[in-house]
2 protein chains.
Amino acid sequence: MKATIAGSGLVGSLLAIYLRKHGHEVNVYERRPDMRDTSIPAGRSINLAMSDRGLRGLAGVGLADEIRKICIPMHGRMIHTIKGETNFQAYGKPGQYINSVSRGELNKLLMNEAEKAGANIYFNQRLTRIDLNKATSHYTDTVTHAETFAEADTIFGTDGAFSAARMQLMTNTDRFDYAQKYLEHGYKELSIPPINGEFAMEENALHIWPRGGYMLIALPNIDKTFTCTLFFPFEGEESFAALHNIETARAFFERVFPDALALMPNFDDEWQHNPVSSLVTVKCLPWHYTDKLLLLGDAAHAIVPFYGQGMNCGFEDCTILNQLLESGDSLEKVFENFVAQRKPNGDAVAELALGNFIEMRDKVADPLFVLRKKIEARFNEKHPALWLPLYSMVTFSDIPYDEAHRLGQWQNGIMEKVMALPGIESKWDSLEVEEYMHSLIKEFSL
Amino acid sequence: MKATIAGSGLVGSLLAIYLRKHGHEVNVYERRPDMRDTSIPAGRSINLAMSDRGLRGLAGVGLADEIRKICIPMHGRMIHTIKGETNFQAYGKPGQYINSVSRGELNKLLMNEAEKAGANIYFNQRLTRIDLNKATSHYTDTVTHAETFAEADTIFGTDGAFSAARMQLMTNTDRFDYAQKYLEHGYKELSIPPINGEFAMEENALHIWPRGGYMLIALPNIDKTFTCTLFFPFEGEESFAALHNIETARAFFERVFPDALALMPNFDDEWQHNPVSSLVTVKCLPWHYTDKLLLLGDAAHAIVPFYGQGMNCGFEDCTILNQLLESGDSLEKVFENFVAQRKPNGDAVAELALGNFIEMRDKVADPLFVLRKKIEARFNEKHPALWLPLYSMVTFSDIPYDEAHRLGQWQNGIMEKVMALPGIESKWDSLEVEEYMHSLIKEFSL
């Protein structure tokens, strides 16, 4: 089979490697220049949190260990209060962690591997049109303006949240359901450089400054810097619009993020020059057109970043597609099965991601939330078959997202009752509470 | 002011007349050929139900009486059972009715009036691009392929459900929320010709053959034909896909619409040649870009046809925009106020339209539904200030759609309790029921 891949981002590059393992001819067309030759523009989603689903996708082509070398483990959240106090909340059991990894480094490595595996990558190729019935895609070179086209048996659209391949489905087929919805929050990236050649804060944690309606986070990089991201409303009393010059921005940080600001010598420059970017959720259906086009990754299901699952979900798409390609079914059947299996998971992870924004910016600072997490962790430790916390299901398992989402709602119902027990703060680790949870699990059994 | 209008459909043509009344220079660009010179393709949404909001929009430019001449009043629904029995359900009080009108005739009349008022209409002009900051729009002539552009102070996008103007907002601005969602049902048009030069059925009614999961409807035309529309699933056991040849289609109609089929001498030909069209709901935000572009009508809020409100809502857009243009506010403020006022109404009428599909295809055949309507009508007659049935609010009033939607849900809650009264069938017109409704209205007062 001859396959065209539109987009050599993370998912497109990994998919190219998978398809080469199946012996298919693979040509990848990428709108941007080759990032291995050019510097990556600063200020846009520099690092990512790789967790189990992403690593499983990489392991499927033997790359998990290679990637781990450029990862920094983050074992939990480090919460920074407004007074500058910190407290650490583990993500899972000891030994469980997520991984901070540079989007650029990861993408370069995957492109190198794709080419090593025999895929061709063509850069500066803007997708202009797809002949859906022939799987022929047309491109304009963004440098030379030359027009070209690629004939293939099928096309994989992995060209991200603003997918041009998806736009072809939308404008050239009937009955394409589509929704793009933006958050009222945008984000701006800042940075914390090393101090005396060392990380300026605990390196094995994801740092959060939760402030209710907004938050600042920081992830470690292998060069011992932290990339910080402010998630903040576009409009309103406390918003990017309100912080219209460097003085108001600095005064605001001094008031609500004083400990972070003290570690940001480049604050003024970064605030003034890094863009404010928007955050979108995209849902659509169908994801495929016969056996001629299939959307994967953000092109099919772009989500907000708050569960760190965008790339992980896209890599899991590759894992699942690889399994289905091994089934011997026709390609159209493979595409149908892929969509039937992945669409509910895409919808579920979109909801989980939106929900986790509230959790990160608000609830993590609430002592009752912390207590609830402790009760869940204790029960999970004693009865692992009965209870796996939602975060662990999403991050440290391959339980389908939609099942995790359903289980999470069920757990919510139970934990609301547990947290309403009089005196729960003092008896949270008692046999009484444990037995009450057992009885609730029985009562509300799914 | 110099205004460009993209699209000379119903809303664009009416808007052109309103803008000319304000003394603005108006140039209208229309993708299709001039329908006054060409025959309209058969089989696609031939007639519409004009009600009070639409007539109010026309009255604002002195055209209501002119349009009434090409309307046929429909005083209620004529329900056709599977056994061929009919029963009539009035839409409102005696003297209240909706109007069947030909989309083509109405559009031609409005284009004539727009030109008479001094607007220029350019046909065969496909919108290719808008420079949003300059309000310059670019077109390709679909016949000569000549490229042209229009400079203006502002652009009104009235180019329908698949608006090219809206696509410019979507692709060239950040944070544009957008959703298009298709029904699982499509529609096919059929016809009932006159018998001996007369209407083959009662002419002053909207005929419905409700069959649960689907329905057939028929609206009268001034040439004494009826346009029939089958709303039917695309896929499934009973679906367009299942009726794959004329024999299965005919057998299906003989089974479920025998009385209608008997009046359709051209059934075979129409079934085979008329297309199956899809039904979409479109929601988006924002509807405007500064003071340079404003979307109105289906371009801003396309809805399914089951409340007969698509055109009516679009004409009400013109009424409201006209009021706001008279305010003396800046154009940007006018656009902002328009969107703030109309967006909740667009969302509400979209929900009402989806809900009325269930009502038309299913509930109208239910004796309890008919009884409920009788109780509401009786209470409305005795206490008009306390209760106006939802259908009347939407169709015979200018109560904002979102208020009607909210009131309708409140009425639902009350009527559920009323219909649950033991023996309601026999005592529905008793003082007891009337007093119970009074007490519920007090208890659930908004």
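**Briefing: helix packing, chain symmetry and local geometry**

Helix H1 (residues 10-21) of chain A packs against helix H4 (residues 103-116) of chain A at about 25°, and their axes lie 8 Å apart. The model is predicted. Chain B can be laid on chain A with an RMSD of 0.0 Å. Salt bridges over all chains come to 46. The points below take helix pairs, symmetry, a charged pair and backbone geometry in turn.

**H1 and H4 of chain A**

- An angle under 35 degrees counts as roughly parallel, so H1(A) and H4(A) are roughly parallel to each other.
- The crossing of H1(A) past H4(A) is left-handed.
- From H1(A), the contact takes in Leu10(A), Ser13(A), Leu14(A), Ala16(A) and Ile17(A).
- H4(A) meets them with Arg103(A), Leu106(A), Asn107(A), Leu110(A), Met111(A), Glu113(A) and Ala114(A).
- By class, the residues of this H1(A)–H4(A) contact are eight nonpolar, two polar and two charged.

**H10 and H11 of chain B**

- Helix H10 (residues 310-325) of chain B and helix H11 (residues 331-361) of chain B cross at roughly 150°, and their axes come within 10 Å.
- Angles over 145 degrees count as roughly antiparallel, so this term applies to H10(B) and H11(B).
- H10(B) passes H11(B) in a right-handed crossing.
- On the H10(B) side the contact residues are Cys313(B), Glu316(B), Asp317(B), Ile320(B), Leu321(B), Leu324(B) and Leu325(B).
- On the H11(B) side they are Leu331(B), Val334(B), Asn337(B), Phe338(B), Gln341(B), Arg342(B) and Val349(B).
- The contact of H10(B) with H11(B) holds nine nonpolar, two polar and three charged residues.

**H12 and H14 of chain B**

- Helix H12 (residues 367-382) of chain B crosses helix H14 (residues 401-419) of chain B at roughly 110°, with the axes coming within 11 Å.
- The range from 65 to 115 degrees counts as roughly perpendicular, so H12(B) and H14(B) are roughly perpendicular to each other.
- The crossing of H12(B) past H14(B) is right-handed.
- Leu368(B), Leu371(B), Arg372(B), Ile375(B) and Glu376(B) represent H12(B) in the contact.
- Gln411(B), Asn412(B), Met415(B), Val418(B) and Met419(B) are their partners in H14(B).
- Six nonpolar, two polar and two charged residues make up the contact of H12(B) with H14(B).

**Chain symmetry**

- The superposition of chain B on chain A takes a turn of 180° and a shift of 0.1 Å along the axis.
- The two copies are thus related as by a two-fold rotation axis.
- In chain B, Ala179(B) has the C-alpha nearest the axis, at 2.0 Å.
- The copies meet through the same surface, because 100% of the interface residues of chain B are also interface residues in chain A.

**A charged pair**

- Glu198(A) and Lys224(A) form a salt bridge, with their closest N and O atoms 3.5 Å apart.
- This pair links distant parts of the chain, 26 residues apart.
- Glu198(A) sits in the loop between strands E13 (177-192) and E14 (206-210) of chain A.
- Lys224(A) sits in the loop between strands E15 (215-220) and E16 (226-233) of chain A.

**Backbone geometry**

- Leu285(A) and Pro286(A) are joined by a cis peptide bond, with omega about -5°.
- Pro286(A) is in the loop between strand E17 (277-285) and strand E18 (288-289) of chain A.
- In chain B, the peptide bond from Leu285(B) to Pro286(B) is cis, with omega near -5°.
- Pro286(B) is in the loop between strand E17 (277-285) and strand E18 (288-289) of chain B.
- Asn124(A) is not a glycine, yet its phi is positive, at about 60°.
- The loop holding Asn124(A) runs between strand E8 (120-122) and strand E9 (125-131) of chain A.

Terms used:
Residues are numbered from 1 along each chain as its sequence is written. Chains are lettered from A and ligands numbered from 1 in the order in which they are written. This is a predicted model: local features need pLDDT of at least 70, side-chain atom pairs count only at pLDDT 80 or more; totals for chains, interfaces and linings use all residues. Side-chain values use heavy atoms; hydrogens and water are left out. Axes are lines fitted to C-alpha atoms, for helices over the stretch in contact, and angles run from 0 to 180 degrees between N-to-C directions. Helices (H or I, at least four residues) and strands (E, at least two) are DSSP runs, numbered from the N terminus. A crossing is left-handed if the near helix is turned anticlockwise from the far one by less than a right angle, and right-handed if clockwise. Contact means heavy atoms within 4.5 Å. Ala, Val, Leu, Ile, Met, Phe, Trp, Tyr, Cys and Pro count as nonpolar, Asp, Glu, Lys and Arg as charged, and the others, Gly among them, as polar. Copies are superposed by least squares on the C-alpha atoms of residues with pLDDT of at least 70 in both. A salt bridge is a side-chain nitrogen of Lys or Arg within 4 Å of a carboxyl oxygen of Asp or Glu.
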